[in-house]
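Look at the chain before reading on. This report covers a repeat segment, a strand and its partners, and the nonpolar cores.

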Amino acid sequence: MADGAEMDEEAMRAFFPLSFGKAAPRPSSATSSAHSNTLRKPQNPSNPKPSASTAADDDGAAMIGPPRPPPAPAGEEDDEDGGGIMIGPPRPPPPSARGEGDDGDGMIGPPRPPPADDEDVDDDEDDDEEEMEDDGEGGFNRIPLSNEIVLRGHNKVVSALAVDHTGSRVLSGSYDYTVRMYDFQGMNSKLQSFRQLEPFEGHQVRSLSWSPTSDRFLCVTGSAQAKIYDRDGLTLGEFVKGDMYIRDLKNTKGHISGLTGGEWNPKSKETILTSSEDGSMRLWDVSDFTSQKQVIKPKLVRPMRIPVTSCAWDHEGKRIVGGIGDGSIQVWTIKAGWGSRPDIHVEKTHTEDITGVKFSTDGQSLLSRSMDSTLKIWDLRRMKTPLKVFEDLPNHYAETNAAFSSDEQLIFTGTSIEKDGDNGGLLCFFDRKKLELVSRVGISAHYSVIRCLWHPRINQVFATVGDKKEEINQVVSVKERRY
(Lines give C-alpha, C1' and ligand atoms only; values in the text may rest on other atoms or scores of the structure.)
Protein backbone atom coordinates (compact mmCIF):
# COMPACT_ATOMS: atom_id res chain seq x y z
CA MET A 1 0.00 0.00 0.00
CA ALA A 2 2.77 2.29 0.93
CA ASP A 3 4.60 1.60 -2.28
CA GLY A 4 1.45 2.07 -4.34
CA ALA A 5 0.77 5.40 -2.64
CA GLU A 6 4.22 6.62 -3.38
CA MET A 7 3.87 5.70 -7.02
CA ASP A 8 0.58 7.53 -7.24
CA GLU A 9 2.14 10.69 -5.73
CA GLU A 10 5.03 10.65 -8.21
CA ALA A 11 2.63 10.16 -11.10
CA MET A 12 0.61 13.13 -9.96
CA ARG A 13 3.67 15.39 -9.78
CA ALA A 14 4.42 14.67 -13.43
CA PHE A 15 1.27 16.63 -14.37
CA PHE A 16 2.38 19.86 -12.57
CA PRO A 17 5.19 22.33 -13.52
CA LEU A 18 8.36 22.14 -11.61
CA SER A 19 8.33 25.86 -10.67
CA PHE A 20 5.90 28.76 -10.45
CA GLY A 21 6.34 32.51 -11.29
CA LYS A 22 8.19 34.28 -14.19
CA ALA A 23 9.83 32.17 -16.80
CA ALA A 24 13.58 32.09 -16.70
CA PRO A 25 15.23 34.40 -19.30
CA ARG A 26 16.59 32.85 -22.44
CA PRO A 27 20.31 32.79 -22.82
CA SER A 28 21.85 35.75 -24.69
CA SER A 29 23.09 33.45 -27.38
CA ALA A 30 19.47 32.98 -28.58
CA THR A 31 18.98 36.84 -29.01
CA SER A 32 22.22 37.31 -30.92
CA SER A 33 21.45 34.38 -33.19
CA ALA A 34 18.00 35.86 -34.03
CA HIS A 35 19.59 39.18 -35.14
CA SER A 36 22.19 37.34 -37.12
CA ASN A 37 19.49 35.31 -38.88
CA THR A 38 17.49 38.43 -39.94
CA LEU A 39 20.49 40.55 -40.96
CA ARG A 40 20.40 41.46 -44.74
CA LYS A 41 23.64 40.83 -46.51
CA PRO A 42 24.72 42.24 -49.88
CA GLN A 43 24.07 39.95 -52.79
CA ASN A 44 26.90 37.84 -54.02
CA PRO A 45 27.82 39.09 -57.50
CA SER A 46 29.34 35.73 -58.34
CA ASN A 47 25.92 34.10 -58.01
CA PRO A 48 23.38 36.68 -59.40
CA LYS A 49 20.64 34.11 -60.04
CA PRO A 50 19.48 32.30 -56.86
CA SER A 51 17.94 28.85 -57.09
CA ALA A 52 14.20 28.86 -57.75
CA SER A 53 13.63 25.55 -55.90
CA THR A 54 14.20 27.05 -52.48
CA ALA A 55 11.93 29.55 -50.70
CA ALA A 56 14.71 30.79 -48.41
CA ASP A 57 16.76 34.00 -48.75
CA ASP A 58 20.44 34.01 -49.77
CA ASP A 59 21.49 33.59 -46.17
CA GLY A 60 19.03 30.74 -45.53
CA ALA A 61 16.41 32.80 -43.65
CA ALA A 62 12.71 32.32 -44.40
CA MET A 63 11.38 34.79 -47.02
CA ILE A 64 8.47 37.00 -45.88
CA GLY A 65 6.33 38.82 -48.50
CA PRO A 66 6.41 38.55 -52.32
CA PRO A 67 9.56 37.30 -53.95
CA ARG A 68 12.20 39.85 -54.84
CA PRO A 69 12.58 40.82 -58.50
CA PRO A 70 15.50 39.21 -60.22
CA PRO A 71 18.58 41.40 -60.53
CA ALA A 72 19.36 43.09 -63.85
CA PRO A 73 21.35 41.04 -66.35
CA ALA A 74 25.04 41.57 -66.47
CA GLY A 75 24.87 43.03 -70.02
CA GLU A 76 22.51 45.91 -69.07
CA GLU A 77 23.51 49.26 -67.62
CA ASP A 78 23.39 49.77 -63.87
CA ASP A 79 21.39 52.49 -62.21
CA GLU A 80 22.98 55.87 -61.63
CA ASP A 81 23.41 55.21 -57.93
CA GLY A 82 25.53 52.10 -58.38
CA GLY A 83 23.49 49.18 -59.69
CA GLY A 84 20.21 49.48 -57.72
CA ILE A 85 17.07 47.62 -58.73
CA MET A 86 14.87 49.52 -61.24
CA ILE A 87 11.52 50.56 -59.76
CA GLY A 88 8.66 51.88 -61.95
CA PRO A 89 8.16 51.80 -65.73
CA PRO A 90 11.20 51.38 -67.97
CA ARG A 91 13.04 54.46 -69.13
CA PRO A 92 12.50 55.76 -72.71
CA PRO A 93 15.14 54.68 -75.20
CA PRO A 94 18.08 57.04 -75.70
CA PRO A 95 17.85 59.73 -78.49
CA SER A 96 20.18 57.75 -80.71
CA ALA A 97 17.74 54.85 -80.71
CA ARG A 98 14.82 57.15 -81.63
CA GLY A 99 16.71 58.90 -84.39
CA GLU A 100 16.43 62.40 -82.86
CA GLY A 101 18.90 65.24 -82.73
CA ASP A 102 21.98 65.55 -80.61
CA ASP A 103 20.36 67.79 -78.02
CA GLY A 104 18.90 64.72 -76.23
CA ASP A 105 15.55 66.37 -75.30
CA GLY A 106 12.49 64.13 -75.61
CA MET A 107 10.05 65.31 -78.28
CA ILE A 108 6.68 66.46 -76.89
CA GLY A 109 3.75 67.09 -79.25
CA PRO A 110 3.59 66.56 -83.00
CA PRO A 111 6.81 66.08 -84.93
CA ARG A 112 8.64 69.13 -86.16
CA PRO A 113 8.14 70.15 -89.80
CA PRO A 114 11.03 69.35 -92.06
CA PRO A 115 13.41 72.29 -92.64
CA ALA A 116 12.78 74.21 -95.85
CA ASP A 117 15.47 74.57 -98.42
CA ASP A 118 17.16 77.96 -98.60
CA GLU A 119 16.36 78.21 -102.28
CA ASP A 120 12.61 77.78 -101.63
CA VAL A 121 12.67 80.49 -98.94
CA ASP A 122 14.45 82.90 -101.24
CA ASP A 123 11.94 82.20 -104.01
CA ASP A 124 9.00 82.91 -101.68
CA GLU A 125 10.55 86.17 -100.51
CA ASP A 126 11.17 87.27 -104.08
CA ASP A 127 7.55 86.52 -104.99
CA ASP A 128 6.29 88.58 -102.04
CA GLU A 129 8.51 91.49 -102.98
CA GLU A 130 7.31 91.37 -106.56
CA GLU A 131 3.68 91.44 -105.39
CA MET A 132 4.32 94.39 -103.12
CA GLU A 133 6.14 96.32 -105.82
CA ASP A 134 3.35 96.00 -108.35
CA ASP A 135 1.30 98.81 -106.81
CA GLY A 136 0.57 101.57 -109.27
CA GLU A 137 2.64 102.85 -112.09
CA GLY A 138 6.33 102.70 -111.31
CA GLY A 139 5.67 100.29 -108.42
CA PHE A 140 5.88 101.37 -104.78
CA ASN A 141 5.06 98.95 -102.00
CA ARG A 142 4.05 101.41 -99.29
CA ILE A 143 0.91 102.72 -101.00
CA PRO A 144 -2.31 100.98 -99.83
CA LEU A 145 -4.09 100.02 -103.03
CA SER A 146 -5.38 96.48 -102.60
CA ASN A 147 -9.08 97.30 -102.10
CA GLU A 148 -11.40 100.14 -103.03
CA ILE A 149 -14.86 101.32 -102.05
CA VAL A 150 -16.92 104.26 -103.35
CA LEU A 151 -19.13 106.40 -101.10
CA ARG A 152 -21.80 108.01 -103.24
CA GLY A 153 -24.30 110.70 -102.40
CA HIS A 154 -23.32 114.13 -103.70
CA ASN A 155 -24.46 115.32 -107.11
CA LYS A 156 -21.70 117.89 -107.63
CA VAL A 157 -18.00 118.28 -106.95
CA VAL A 158 -16.84 116.88 -103.59
CA SER A 159 -14.69 119.77 -102.41
CA ALA A 160 -14.14 119.02 -98.69
CA LEU A 161 -13.08 115.93 -96.76
CA ALA A 162 -12.35 115.11 -93.12
CA VAL A 163 -11.86 111.82 -91.24
CA ASP A 164 -11.89 111.70 -87.45
CA HIS A 165 -8.87 110.52 -85.50
CA THR A 166 -10.25 107.01 -84.97
CA GLY A 167 -10.97 106.54 -88.67
CA SER A 168 -14.59 105.58 -88.04
CA ARG A 169 -16.45 108.71 -89.18
CA VAL A 170 -16.03 110.52 -92.51
CA LEU A 171 -17.29 113.96 -93.54
CA SER A 172 -17.62 115.11 -97.14
CA GLY A 173 -18.67 118.53 -98.40
CA SER A 174 -19.71 119.47 -101.89
CA TYR A 175 -20.59 122.19 -104.35
CA ASP A 176 -24.18 120.97 -103.94
CA TYR A 177 -24.16 122.93 -100.62
CA THR A 178 -24.42 119.84 -98.43
CA VAL A 179 -22.30 117.93 -95.94
CA ARG A 180 -22.72 114.16 -95.69
CA MET A 181 -21.71 112.09 -92.68
CA TYR A 182 -20.59 108.46 -93.03
CA ASP A 183 -20.03 106.05 -90.17
CA PHE A 184 -17.99 102.92 -90.93
CA GLN A 185 -19.06 101.13 -87.76
CA GLY A 186 -22.77 101.44 -88.49
CA MET A 187 -22.61 101.26 -92.27
CA ASN A 188 -24.33 98.50 -94.25
CA SER A 189 -23.56 97.15 -97.70
CA LYS A 190 -25.26 100.12 -99.38
CA LEU A 191 -22.50 102.44 -98.06
CA GLN A 192 -24.94 105.30 -97.51
CA SER A 193 -24.45 108.35 -95.33
CA PHE A 194 -26.44 108.45 -92.10
CA ARG A 195 -26.95 112.24 -92.08
CA GLN A 196 -27.03 115.12 -94.54
CA LEU A 197 -26.56 118.77 -93.57
CA GLU A 198 -26.94 122.07 -95.42
CA PRO A 199 -24.92 124.65 -93.45
CA PHE A 200 -25.81 127.71 -95.57
CA GLU A 201 -28.30 127.68 -98.39
CA GLY A 202 -26.70 128.53 -101.71
CA HIS A 203 -23.08 128.39 -100.43
CA GLN A 204 -20.53 125.75 -101.44
CA VAL A 205 -18.78 123.74 -98.73
CA ARG A 206 -15.05 124.50 -98.92
CA SER A 207 -13.43 122.96 -95.85
CA LEU A 208 -14.15 120.55 -93.00
CA SER A 209 -12.02 119.90 -89.92
CA TRP A 210 -12.40 117.72 -86.81
CA SER A 211 -11.50 118.91 -83.32
CA PRO A 212 -8.54 117.20 -81.56
CA THR A 213 -10.98 115.10 -79.53
CA SER A 214 -13.24 114.34 -82.53
CA ASP A 215 -16.34 115.42 -80.63
CA ARG A 216 -17.00 118.45 -82.86
CA PHE A 217 -16.15 119.61 -86.35
CA LEU A 218 -15.73 122.91 -88.19
CA CYS A 219 -17.59 123.63 -91.42
CA VAL A 220 -16.36 126.39 -93.73
CA THR A 221 -18.55 127.49 -96.64
CA GLY A 222 -18.63 130.30 -99.15
CA SER A 223 -20.43 132.47 -96.62
CA ALA A 224 -18.64 134.76 -94.20
CA GLN A 225 -19.58 132.67 -91.14
CA ALA A 226 -18.11 129.36 -90.07
CA LYS A 227 -20.24 126.84 -88.20
CA ILE A 228 -19.50 124.33 -85.45
CA TYR A 229 -21.35 120.99 -85.23
CA ASP A 230 -21.16 118.17 -82.74
CA ARG A 231 -20.20 114.65 -83.70
CA ASP A 232 -23.77 113.72 -84.59
CA GLY A 233 -24.35 116.74 -86.83
CA LEU A 234 -26.25 119.00 -84.41
CA THR A 235 -25.48 122.73 -84.73
CA LEU A 236 -23.60 124.19 -81.78
CA GLY A 237 -23.22 127.72 -83.14
CA GLU A 238 -21.90 129.99 -85.87
CA PHE A 239 -19.38 132.78 -85.64
CA VAL A 240 -20.40 136.38 -85.96
CA LYS A 241 -20.19 138.29 -89.24
CA GLY A 242 -18.26 141.56 -89.48
CA ASP A 243 -19.46 144.98 -90.60
CA MET A 244 -18.75 145.29 -94.31
CA TYR A 245 -18.82 149.13 -94.12
CA ILE A 246 -15.80 149.32 -91.83
CA ARG A 247 -12.68 149.80 -93.88
CA ASP A 248 -10.09 148.58 -91.39
CA LEU A 249 -10.44 144.79 -91.08
CA LYS A 250 -8.97 144.79 -87.59
CA ASN A 251 -11.95 146.75 -86.33
CA THR A 252 -14.53 144.30 -87.64
CA LYS A 253 -15.91 141.57 -85.39
CA GLY A 254 -15.63 138.91 -88.05
CA HIS A 255 -15.12 138.18 -91.72
CA ILE A 256 -17.04 140.29 -94.18
CA SER A 257 -16.56 138.12 -97.30
CA GLY A 258 -16.76 134.48 -98.19
CA LEU A 259 -14.45 132.04 -96.40
CA THR A 260 -11.78 130.14 -98.31
CA GLY A 261 -10.46 127.75 -95.67
CA GLY A 262 -10.39 126.79 -92.03
CA GLU A 263 -8.74 124.35 -89.66
CA TRP A 264 -9.02 123.34 -86.02
CA ASN A 265 -5.98 123.81 -83.81
CA PRO A 266 -4.46 120.29 -83.48
CA LYS A 267 -3.49 120.87 -79.83
CA SER A 268 -6.28 123.12 -78.54
CA LYS A 269 -9.91 122.07 -78.69
CA GLU A 270 -11.05 125.68 -78.20
CA THR A 271 -9.21 127.45 -81.04
CA ILE A 272 -9.81 127.46 -84.79
CA LEU A 273 -8.34 129.34 -87.75
CA THR A 274 -10.20 130.71 -90.77
CA SER A 275 -9.14 132.52 -93.95
CA SER A 276 -11.30 134.67 -96.17
CA GLU A 277 -11.64 136.52 -99.43
CA ASP A 278 -11.67 139.75 -97.39
CA GLY A 279 -7.88 139.47 -97.10
CA SER A 280 -7.56 138.35 -93.47
CA MET A 281 -7.12 135.32 -91.26
CA ARG A 282 -8.76 135.10 -87.87
CA LEU A 283 -8.42 133.03 -84.72
CA TRP A 284 -11.62 132.15 -82.90
CA ASP A 285 -12.54 130.83 -79.47
CA VAL A 286 -15.12 128.07 -79.82
CA SER A 287 -16.57 128.85 -76.39
CA ASP A 288 -17.54 132.36 -77.56
CA PHE A 289 -19.10 132.72 -81.01
CA THR A 290 -19.56 136.49 -80.74
CA SER A 291 -15.94 137.61 -80.65
CA GLN A 292 -12.61 136.74 -82.24
CA LYS A 293 -9.25 136.23 -80.54
CA GLN A 294 -6.91 137.63 -83.20
CA VAL A 295 -7.04 139.28 -86.63
CA ILE A 296 -4.09 138.52 -88.93
CA LYS A 297 -3.52 140.73 -91.95
CA PRO A 298 -0.90 139.53 -94.43
CA LYS A 299 1.94 141.76 -95.52
CA LEU A 300 1.26 143.42 -98.89
CA VAL A 301 3.26 145.58 -101.22
CA ARG A 302 0.42 148.09 -101.50
CA PRO A 303 -2.47 148.59 -99.08
CA MET A 304 -5.33 146.74 -100.70
CA ARG A 305 -7.54 143.74 -100.14
CA ILE A 306 -6.07 140.55 -101.54
CA PRO A 307 -7.79 137.27 -100.61
CA VAL A 308 -6.13 134.65 -98.44
CA THR A 309 -6.80 131.50 -100.47
CA SER A 310 -5.59 128.83 -97.99
CA CYS A 311 -4.37 128.42 -94.42
CA ALA A 312 -3.07 125.72 -92.05
CA TRP A 313 -1.68 125.03 -88.57
CA ASP A 314 1.58 123.31 -87.87
CA HIS A 315 1.59 120.01 -85.94
CA GLU A 316 2.18 121.69 -82.56
CA GLY A 317 -0.38 124.46 -83.04
CA LYS A 318 2.28 127.16 -82.64
CA ARG A 319 2.57 128.42 -86.21
CA ILE A 320 0.14 129.23 -88.98
CA VAL A 321 0.73 129.61 -92.71
CA GLY A 322 -1.32 131.42 -95.30
CA GLY A 323 -1.33 131.25 -99.07
CA ILE A 324 -1.97 134.79 -100.28
CA GLY A 325 -3.65 135.80 -103.52
CA ASP A 326 -0.59 137.72 -104.67
CA GLY A 327 1.36 134.45 -104.89
CA SER A 328 3.23 134.82 -101.58
CA ILE A 329 3.49 132.43 -98.65
CA GLN A 330 3.58 133.92 -95.16
CA VAL A 331 4.20 132.18 -91.83
CA TRP A 332 3.41 133.51 -88.35
CA THR A 333 4.62 132.19 -84.99
CA ILE A 334 2.08 132.46 -82.21
CA LYS A 335 3.74 133.95 -79.16
CA ALA A 336 3.19 136.63 -76.57
CA GLY A 337 2.65 140.04 -78.11
CA TRP A 338 2.73 138.80 -81.69
CA GLY A 339 0.99 140.80 -84.40
CA SER A 340 0.28 140.72 -88.10
CA ARG A 341 3.89 140.98 -89.17
CA PRO A 342 4.89 137.54 -90.56
CA ASP A 343 8.05 135.75 -89.43
CA ILE A 344 8.53 134.30 -92.94
CA HIS A 345 7.46 136.08 -96.10
CA VAL A 346 8.31 134.66 -99.51
CA GLU A 347 7.03 136.55 -102.52
CA LYS A 348 6.00 135.16 -105.89
CA THR A 349 6.07 131.53 -104.87
CA HIS A 350 3.35 130.70 -107.41
CA THR A 351 1.97 132.47 -110.45
CA GLU A 352 -1.67 131.62 -109.64
CA ASP A 353 -3.81 131.01 -106.54
CA ILE A 354 -2.37 128.75 -103.86
CA THR A 355 -5.02 126.11 -103.18
CA GLY A 356 -3.34 124.18 -100.37
CA VAL A 357 -0.54 124.50 -97.81
CA LYS A 358 0.66 121.82 -95.39
CA PHE A 359 3.30 121.60 -92.63
CA SER A 360 5.24 118.42 -92.01
CA THR A 361 5.08 116.88 -88.54
CA ASP A 362 8.72 117.66 -87.78
CA GLY A 363 8.12 121.32 -88.68
CA GLN A 364 10.93 121.44 -91.23
CA SER A 365 9.06 121.14 -94.53
CA LEU A 366 6.14 122.93 -96.12
CA LEU A 367 4.04 121.93 -99.13
CA SER A 368 2.27 124.37 -101.43
CA ARG A 369 -0.17 123.41 -104.17
CA SER A 370 -1.31 125.89 -106.78
CA MET A 371 -3.53 126.31 -109.79
CA ASP A 372 -0.39 126.93 -111.84
CA SER A 373 -0.12 123.09 -112.12
CA THR A 374 2.78 122.81 -109.68
CA LEU A 375 3.53 121.31 -106.28
CA LYS A 376 6.45 122.83 -104.39
CA ILE A 377 8.38 121.54 -101.39
CA TRP A 378 9.95 124.13 -99.10
CA ASP A 379 12.54 123.94 -96.33
CA LEU A 380 11.31 126.27 -93.59
CA ARG A 381 14.91 126.96 -92.57
CA ARG A 382 15.78 128.21 -96.07
CA MET A 383 12.66 129.61 -97.69
CA LYS A 384 14.28 131.65 -100.45
CA THR A 385 13.94 128.92 -103.05
CA PRO A 386 11.94 125.67 -103.01
CA LEU A 387 13.69 122.33 -102.57
CA LYS A 388 11.80 120.87 -105.48
CA VAL A 389 9.14 121.90 -107.99
CA PHE A 390 6.92 119.19 -109.47
CA GLU A 391 5.24 120.36 -112.64
CA ASP A 392 2.60 119.06 -115.05
CA LEU A 393 0.05 118.57 -112.26
CA PRO A 394 -3.14 120.16 -113.65
CA ASN A 395 -5.35 121.86 -111.05
CA HIS A 396 -8.64 123.58 -111.78
CA TYR A 397 -10.14 123.68 -108.28
CA ALA A 398 -9.56 126.10 -105.43
CA GLU A 399 -9.72 123.26 -102.88
CA THR A 400 -7.03 120.94 -104.32
CA ASN A 401 -4.56 120.09 -101.57
CA ALA A 402 -1.31 118.22 -101.00
CA ALA A 403 -0.63 115.83 -98.13
CA PHE A 404 1.92 113.53 -96.50
CA SER A 405 1.73 109.77 -96.04
CA SER A 406 1.29 108.36 -92.55
CA ASP A 407 5.07 107.98 -92.09
CA GLU A 408 5.71 111.24 -94.01
CA GLN A 409 8.08 109.51 -96.40
CA LEU A 410 5.74 110.21 -99.31
CA ILE A 411 4.06 113.34 -100.62
CA PHE A 412 0.97 113.11 -102.79
CA THR A 413 -1.62 115.28 -104.49
CA GLY A 414 -4.49 114.98 -106.97
CA THR A 415 -4.70 116.18 -110.56
CA SER A 416 -7.58 117.58 -112.60
CA ILE A 417 -8.69 116.35 -115.99
CA GLU A 418 -7.96 118.56 -118.98
CA LYS A 419 -10.08 119.21 -122.01
CA ASP A 420 -7.88 117.33 -124.46
CA GLY A 421 -6.13 115.08 -121.96
CA ASP A 422 -6.53 111.32 -121.59
CA ASN A 423 -4.98 110.76 -118.14
CA GLY A 424 -8.09 111.31 -116.06
CA GLY A 425 -7.86 112.10 -112.35
CA LEU A 426 -4.66 110.81 -110.74
CA LEU A 427 -3.03 110.61 -107.35
CA CYS A 428 0.67 111.34 -107.79
CA PHE A 429 3.07 110.10 -105.10
CA PHE A 430 6.56 111.54 -104.62
CA ASP A 431 9.43 110.40 -102.43
CA ARG A 432 10.21 113.06 -99.85
CA LYS A 433 13.92 112.25 -99.57
CA LYS A 434 14.75 111.50 -103.19
CA LEU A 435 12.36 114.22 -104.44
CA GLU A 436 11.17 112.15 -107.36
CA LEU A 437 7.95 110.64 -108.66
CA VAL A 438 7.43 107.07 -107.44
CA SER A 439 3.88 106.25 -108.52
CA ARG A 440 0.80 107.55 -110.28
CA VAL A 441 -2.50 105.96 -109.31
CA GLY A 442 -5.54 106.35 -111.50
CA ILE A 443 -8.62 107.27 -109.44
CA SER A 444 -11.09 108.14 -112.16
CA ALA A 445 -10.92 108.16 -115.96
CA HIS A 446 -13.45 110.99 -116.28
CA TYR A 447 -13.29 113.08 -113.10
CA SER A 448 -10.69 115.25 -111.37
CA VAL A 449 -9.15 114.40 -108.01
CA ILE A 450 -9.53 117.30 -105.57
CA ARG A 451 -9.08 116.46 -101.88
CA CYS A 452 -6.87 113.65 -100.61
CA LEU A 453 -5.58 112.39 -97.29
CA TRP A 454 -3.81 109.35 -95.84
CA HIS A 455 -5.19 108.29 -92.48
CA PRO A 456 -2.35 107.03 -90.24
CA ARG A 457 -4.39 104.85 -87.91
CA ILE A 458 -6.36 102.76 -90.41
CA ASN A 459 -3.77 103.07 -93.21
CA GLN A 460 -6.23 104.14 -95.88
CA VAL A 461 -6.00 106.70 -98.64
CA PHE A 462 -9.08 108.88 -99.22
CA ALA A 463 -9.68 110.95 -102.35
CA THR A 464 -12.60 113.09 -103.50
CA VAL A 465 -13.37 113.53 -107.19
CA GLY A 466 -15.56 115.79 -109.30
CA ASP A 467 -16.35 116.67 -112.87
CA LYS A 468 -15.57 120.12 -114.14
CA LYS A 469 -18.97 120.35 -115.85
CA GLU A 470 -20.73 119.11 -112.72
CA GLU A 471 -23.20 117.05 -114.70
CA ILE A 472 -23.34 113.67 -112.93
CA ASN A 473 -22.99 112.23 -109.46
CA GLN A 474 -19.64 112.55 -107.78
CA VAL A 475 -18.02 110.13 -105.35
CA VAL A 476 -15.65 109.84 -102.47
CA SER A 477 -13.11 107.11 -103.19
CA VAL A 478 -11.40 105.16 -100.42
CA LYS A 479 -8.37 102.99 -101.12
CA GLU A 480 -6.90 100.70 -98.50
CA ARG A 481 -4.58 97.77 -97.87
CA ARG A 482 -5.12 94.99 -95.36
CA TYR A 483 -1.78 93.74 -94.07
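This is a predicted model: local features need pLDDT of at least 70, side-chain atom pairs count only at pLDDT 80 or more; totals for chains, interfaces and linings use all residues.

Residues 151-185 are 0% helix and 54% strand, with end C-alpha atoms 14 Å apart. Helices (H or I, at least four residues) and strands (E, at least two) are DSSP runs, numbered from the N terminus.

Residues are numbered from 1 along each chain as its sequence is written, and side-chain values use heavy atoms, leaving out hydrogens and water.

## Strand β11

Strand β11 (residues 271-276) is largely enclosed by the rest of the structure, because 6 of its 6 residues are buried (under 20% relative accessible area, 1.4 Å probe, protein chains only). In a regular strand, side chains alternate between the two faces of the sheet. T271, L273 and S275 lie on one side of β11, and I272, T274 and S276 on the other.

β10 (residues 259-264) runs antiparallel to β11, joined by 5 bridges; pairing takes at least two DSSP bridges. L259 stands opposite S276. β11 also pairs antiparallel with β12 (residues 281-285) over 5 bridges. There, T274 partners R282. The β11-β12 hairpin has 4 residues between its strands, and G279 in the turn has a positive phi of about 90°.

## Nonpolar cores

A nonpolar core is a set of buried Ala, Val, Leu, Ile, Met, Phe, Trp, Tyr and Cys residues joined through side-chain atoms within 4.5 Å. The largest has 16 residues, including L410, F412 and W454. Apart from it lies another core, of 13 residues, among them I329 and M383.

Technical notes. Buried means under 20% relative accessible area, exposed over 50%, partly exposed in between (1.4 Å probe, protein chains only).
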